[in-house]
Amino acid sequence: MRQSNIRPFGAMPDGAPVEEITLAGAGITAAIITYGGAVRSLTVPDRTGAPTDVVLGFDTLEDYRVQDKYIGAIVGRCANRIAGGRFSLNGREYPLFVNNGPNHLHGGQVGFDRQVWTVEELRENEAVLRLVSPDGQEGYPGRLEVRVTYTLEEKSLSIFYEARSDADTVCSLTNHSYFNLSGQGRGDVLDHRIQLCAQYYTPADRQSIPTGQLAPVEGTPMDLRQPVQIGARIGGDFPQLLWAGGYDHNWAVDGQPGQLRPAGRAAAPDTGIAMEVETTMPGIQFYTGNFLAGCPAGKGGARYENRSGFALETQFYPDAVHHPGFPSPVLRAGERYAHRTVYRFGLD
Ligand code: BGC
């Protein structure tokens, strides 16, 4: 398959080529690299019609390989944290790679964000990427075959995740794009408004491991059911926000998991760009880039600091494998994992 919308983007140390795909839909373009399946740019018009790149990213493969912020990447086999870096399934204990204090984060040392995906299908507005994660990778049981389809439609990016394993395993896939709706590299996102369609969130301990409770947002700074400026309460003395250095929590998206339903919305006052998120997943992590500082210069020399972008990561709840009360992230042998998340752009 050789098409005009795919070009070399560098090579891995073992010589494996990395490519970049450009996709175009009505009023939206995207660049996707096969390293981590990462969204490298996403361009939509602002209120004057000027094309605005709303995601953080880098100019070179080397920069992607050096950073450890999961910028733009597909995260798996299990997004977010697994407490103690181990879980048991069918009476067997599976130790995982521990990479976040005593815990496992975002699939481990060489998660899906650090692997080179294969381009399986390519059209002008759509790319299908494929990855095979062998049995035992990062400690997970089962050979997992994953397909991720990126589709651009009318000012929207849809990400469809499919997976199948030959043994029971744990699977929760997300995309870790950092958005800045003022345009990447244009300062912080504290003036953006955020709204999450969630009556409950999962409070966490100081290591961001959920306690297992589903707590009502009502009466707390976690109540984002009405639009709130990101900066308005982020520095308050609410312990959850203090411990995480800002928002870095999972909200239980209202409605029925498995059904595509509204999960959140964000908007920037200067460009007027608004983004709505819909998902079939049970939860969404709203993360305000609290640990973003310290990566290489971004696209066009942009400086990325804490709060230069925010992420809305649709997922099973963090550490769900240890909480029987949470929707289960266990994928049974031969079963099909299929989830969709849509990022839809417009003007405020
Ligand atoms: C997590 C943060 C973590 C970050 C890594 C986010 O999804 O919620 O706690 O530091 O990923 O860049």
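**View 1. Strands β1 and β2 pair in antiparallel fashion.** Strand β1 (residues 6–11) and strand β2 (residues 17–25) run antiparallel, joined by four bridges. Pairing requires at least two DSSP bridges between the strands. Strands are DSSP runs (E, at least two residues), numbered from the N terminus. Arg7 has Glu20 in β2 as its bridge partner. The model is predicted: local features need pLDDT of at least 70, side-chain atom pairs count only at pLDDT 80 or more, and totals for chains, interfaces and linings use all residues. Residues are numbered from 1 along each chain as its sequence is written, and side-chain values use heavy atoms, with hydrogens and water left out.

**View 2. The β1–β2 hairpin turn.** Five residues lie between β1 and β2 in this hairpin. Gly15, in the turn, has a positive phi of about 95°.

**View 3. The shell around the ligand.** Lys69, Tyr70, Arg81, His106, His176, Tyr178, Asp248, Gln285, Tyr287, Phe291 and Glu313 surround the ligand (a heavy atom within 4 Å). The shell has four nonpolar, three polar and four charged residues. In this scheme Tyr and Phe count as nonpolar, Asp, Glu, Lys and Arg as charged.

View 4. Polar contacts are pairs of N or O atoms within 3.5 Å. A polar side-chain atom of Asp248 lies 2.5 Å from a ligand oxygen atom. For His106, the distance from a polar side-chain atom to a ligand oxygen atom is 2.8 Å. An N or O atom in the Gln285 side chain is 3.1 Å from an oxygen atom of the ligand. The protein covers 94% of the 310 Å² of accessible area that the ligand has on its own (Shrake-Rupley, 1.4 Å probe).

Note on methods: A polar contact is a pair of N or O atoms within 3.5 Å; within protein, one must be able to donate a hydrogen and the other to accept it, and residues adjacent in sequence count only if both atoms are side-chain atoms.
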